[in-house]
Amino acid sequence: MKNSRNQSKFGLVAGVLLALSVLLMACGDSTATTASTAAAGTTAAASATTAAAGATTAAGATTAAGTTAATATTAAAAGATTAAATGEKFKVAFVYVGPIGDGGWTFAHEQARKKLVETLPNVEATYIESVDENPTTSEAVITELAQKGNKMIFTTSFGYMDPTINVAKKFPNVYFEHATGYKTAANVAVYQVRQYQARYLAGIVAGKMTKSNIIGYVAAFPIPEVIGGINAFTLGARSVNPAAKVKVVWTNTWYDPGLEKTAAKSLLNAGADILGQHQDTPSILQAAQEVGKYAFGNDSIMESYAPKAHLASPYWDWSPYYIERVKAAMNGTWKTGDYFGGLKEGVVDLSPLNAVVPDDVKKLVDEKKAAIKAGTLDVYAGPYKDQSGATKVAAGATLSDKDITSINYFVEGVDGTIPK
Amino acid sequence: MSLKQRAAKELEIQKKLVGLPPRQIYPSTAFLAIITPILSILVALLIAALILFVSGRDAIFILSEIFRTSFIQNFAETVVKAIPLILAALGVALAFRARLWNIGAEGQFYGGVLASTGLALSFPNLPALVIIPLMVAGGLLGGALWGLLPGLLRAKLEVNEIISSLMLNYVALLLTDYLIFGPWKDPEGRNFPVTATFSDESRLPTLVEGTRIHFGLVFAIVAAGLVWLLVGRTKWGFELKVMGDNLKAARYAGINISRNIIIAFLLSGALAGLAGMSEVTGVAGRLQQNISPGYGYTAIIIAWLARLNPWAIIMVAILFGGLVSSGFTMQRVGVSSGLVTLLQGILLFCVLGGESLYRRLLYQAALRRSNLTKES
């Protein structure tokens with residue numbers, strides 16, 4: 001009741017403001033007749049009524065509507081109770097770092113969100129795209145989502161880590177899921193996928209297909225996820241072609257189609273005939289197709305952007321995880337955790353290979369894929385050396401999950417440096 | 001026309017203006033100054049409502065939801081966004097007064113960020129009473145130094161400050177990247193490009209309990225007052241304006257131009273640096289990438305829309321803070337982000353259009369008045 005009164009009050013204020021400005025406008029021009037002023041007044045009054053009506057609808061639509069940030073927590077809790085009582089949908093929200101049409105990282109999450117809604121009809125899943133990783137902006141966005149009655153919020157980029165944790169403290173009744181981070185809390189879980197497994201398979205294809213033995217790799221930022229991906233790709237390539245080198249160029253951006261293309265061209269000019277990549281857009285594929293060379297997609301299947309150049313895409317299907325977690329949240333069985341699924345769990349895969357890839361290579365990839373799934377092949381199993389030639393992982397040893405998620409050196413065969 | 005003749009003519013026009021009949025039949029300039037931006041925003045809202053309506057959405061619900069979220073329920077968040085914008089815009093406005101085109105607020109912001117981060121990381125055990133003033137000084141100094149470079153180049157070697165200050169933005173950004181990917185990387189951060197979290201003592205205190213509004217707001221308001229005093233009430237401020245209006249005349253009048261250029265750039269940079277300091281210690285609590293989503297550039301637009309007036313800058317910056325969050329609010333209620341960008345573009349277009357219309361109206365009003373007095 002109190003809320004709806006506030007809303008109509010707002011409508012009134014807006015109306016009065018509008019009327020005032022129309023009046024001011026009329027005063028500005030002294031030739032305006034009284035008739036037109038009166039007419040303007042009526043319009044303003046009319047719009048005030050509509051505004052009030054709109055506001056009332058708004059009050060009905062949104063369940064949680066605390067008037068100040070201070071009461072936000074209680075508001076969210078109240079919203080949840082109302083939702084349960086009226087049989088409303090379970091509200092889930094996604095925060096995306098790029099636009100849903102990026103064709104890569106965010107696109108993959110968006111596909112999973114759609115699948116989630118299809119699979120669980122009682123779930124209403126909304127998203128906000130192109131949210132800056134800047135702490136001021138992202139924390140405000142996540143807070144707003146929590147205030148407005150979302151019971152579960154997925155923040156899908158590393159830069160949202162601290163903001164997610166901060167907002168989670170203020171909303172203990174909301175479940176948070178942060179992708180690619182490492183900070184957890186009672187109501188914050190983190191999740192990531194074993195991208196390196198699919199990248200290893202892509203590396204096998206690259207090692208078999210290259211003629212110049214120079215494979216380019218356009219990479220976004222020197223963070224563990226990317227560095228480990230380059231290592232796995234290189235290990236894959238050199239497992240079938242020990243002469244292959246992987247040349248890395250950093251772009252320092254996830255999403256800049258123009259710059260990514262320039263970086264791709266620089267690698268092609270340096271003699272690379274195949275391009276691997278860790279970016280959020282398909283620009284690298286397009287650069288390769290323009291000069292008749294091959295490239296890999298990333299994050300989602302990018303074949304349609306450059307079908308001739310597209311050898312395959314390591315891609316992630318987040319939907320099994322999303323469906324499982326939302327279900328758990330709805331049942332009340334949700335627990336915080338640190339998810340790291342791979343080929344076996346069906347969240348990571350290499351898309352079907354281009355028709356130009358010979359059958360024996362296809363067979364080899366299928367075998368290796370099956371071996372990884374079965375657990376008989378560990379991508380990071382030794383022995384291998386780092387760039388300096390020092391043995392990093394001895395025969396019989398491998399990397400722990402913590403090593404994988406905090407790796408900071410390149411393996412032998414990578415031509416590039418990690419900024420230190 | 002000699003200077004003397006020109007002055008005589010100016011005086012004549014002045015007399016005519018003073019001798020105007022008391023009943024004005026055209027809007028006063030003060031009235032225009034206030035009504036143009038208001039009308040521009042209303043026109044923009046009207047267009048926005050129309051577009052939303054045509055695309056089949058409940059325009060009134062969306063617009064009122066934006067207003068409710070950005071300016072009532074989460075007004076605190078809007079203010080948080082406005083703080084760095086106010087400080088950086090004040091700095092930019094100060095330089096613009098003298099027609100010194102300091103495009104480098106972004107870099108100067110990072111200058112302040114780096115200086116205060118360096119201090120916070122080096123002295124994690126100092127009490128707040130020591131480290132905070134130290135970081136404020138560091139932030140001011142860091143920004144000032146980043147501003148000093150283009151200032152010096154302009155003052156001593158006549159190097160175009162637009163290019164030098166702009167280029168230094170990229171230098172600052174890359175230097176930040178180098179530091180957070182290298183020497184400043186958090187040893188416990190699993191190799192992610194972030195610095196360690198600052199100690200609680202080196203966090204700028206919160207101003208309003210339960211919100212994220214931090215002490216930077218006080219800096220912003222005090223800075224606005226100081227800039228207002230400095231530009232409007234001191235000899236130096238007057239010199240700055242003379243330089244902006246006519247550099248040759250300023251030189252002729254014996255104003256020390258190169259000294260003033262350097263001081264203007266130092267102050268301008270210091271304010272942007274303070275913005276950076278308050279952002280990294282008041283909001284983020286650690287240095288990471290994207291600490292500024294382009295505050296230094298938005299500050300330029302804000303300074304212009306506020307007509308370089310320090311108090312207006314506060315208002316415009318808050319409006320911009322709301323504009324940024326309104327985009328996400330619109331997305332939340334189902335407007336696609338493409339449409340959001342379009343609507344924000346329309347708003348800017350209308351406000352800027354209103355601005356140029358305002359200038360034109362001013363000019364015409366002046367013309368009309370001089371004609372009027374000639375006839376009478």
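Trainee: What percentage of the 420 residues of chain A count as buried?
Mentor: This is a predicted model, in which local features need pLDDT of at least 70, side-chain atom pairs count only at pLDDT 80 or more, and totals for chains, interfaces and linings use all residues. Residues are numbered from 1 along each chain as its sequence is written, while chains are lettered from A and ligands numbered from 1 in the order in which they are written. A residue is buried if 20 or more other C-beta atoms lie within 10 Å of its own, exposed if 12 or fewer, and partly exposed in between, with C-beta atoms placed from the backbone. Of the 420 residues of chain A, the share that counts as buried is 50%.

Trainee: How many helices and strands are there in chain A?
Mentor: Both are DSSP runs numbered from the N terminus: helices are H or I of at least four residues, strands E of at least two. Chain A has 13 helices and 16 strands.

Trainee: Which strands of chain A stand at the edges of the open sheet of six strands?
Mentor: Two strands pair if DSSP finds at least two bridges between them. The sheet has the order 10-9-8-6-7-16 in chain A, with parallel pairing. Because each edge strand has a single partner strand, one side of each is left without a neighbour in the sheet; these are strand 10 (310–312) and strand 16 (414–415) of chain A.

Trainee: How many bridges join strand 6 of chain A to strand 7 of chain A?
Mentor: Strand 6 (residues 214–219) of chain A is mostly covered, with five of its six residues buried. I215(A) stands opposite V246(A) in strand 7 of chain A. The two strands run parallel, and strand 7 covers residues 245–250. The number of bridges joining them is six.

Trainee: In strand 9 of chain A, which residue is the bridge partner of I274(A)?
Mentor: Strand 8 (residues 274–278) and strand 9 (residues 294–296) of chain A run parallel and are joined by two bridges. In strand 9 of chain A, I274(A) has as its bridge partner Y294(A).

Trainee: At what angle do helix 5 and helix 6 of chain A pack?
Mentor: Axes are lines fitted to C-alpha atoms, for helices over the stretch in contact, and angles run from 0 to 180 degrees between N-to-C directions. Helix 5 (residues 135–147) and helix 6 (residues 161–170) of chain A have their axes 9 Å apart. The angle is about 40 degrees.

Trainee: Is the crossing of helix 5 and helix 6 of chain A left-handed or right-handed?
Mentor: A crossing is left-handed if the near helix is turned anticlockwise from the far one by less than a right angle, and right-handed if clockwise. The crossing of helix 5 and helix 6 of chain A is right-handed.

Trainee: What is the phi of T180(A)?
Mentor: Most residues other than glycine have a negative phi, and most peptide bonds are trans. T180(A) lies in the loop between strand 4 (175–179) and strand 5 (188–193) of chain A. T180(A) counts as buried because 22 C-beta neighbours lie inside 10 Å. Although T180(A) is not a glycine, its phi is positive, at about 70 degrees.

Trainee: Is N252(A) buried or partly exposed?
Mentor: N252(A), a residue other than glycine, has a positive phi near 55 degrees. N252(A) sits in the loop between strand 7 and helix 9 (257–269) of chain A. With 18 other C-beta atoms within 10 Å, N252(A) is partly exposed.

Trainee: Is the peptide bond from G382(A) to P383(A) cis or trans?
Mentor: P383(A) lies in the loop between helix 12 (359–374) and strand 14 (384–385) of chain A. Omega of the bond from G382(A) to P383(A) is near 5 degrees, and the bond is cis.

Trainee: How far apart do the C-alpha centres of domain 1 and domain 2 of chain B lie?
Mentor: The bounds come from an automatic or database domain assignment. For chain B, the assignment gives domain 1 (32–56 + 345–376) and domain 2 (74–328). Their C-alpha centres are separated by 31 Å.

Trainee: Which residues is W184(B) in contact with, leaving aside its neighbours within four places in sequence?
Mentor: Two residues are in contact if their C-beta atoms, placed from the backbone, lie within 7 Å. W184(B) is in the loop between helix 7 (161–181) and helix 8 (216–233) of chain B. W184(B) is partly exposed, with 19 other C-beta atoms within 10 Å. Its contacts, leaving aside those neighbours, are L121(B), L179(B), T195(B) and L287(B).
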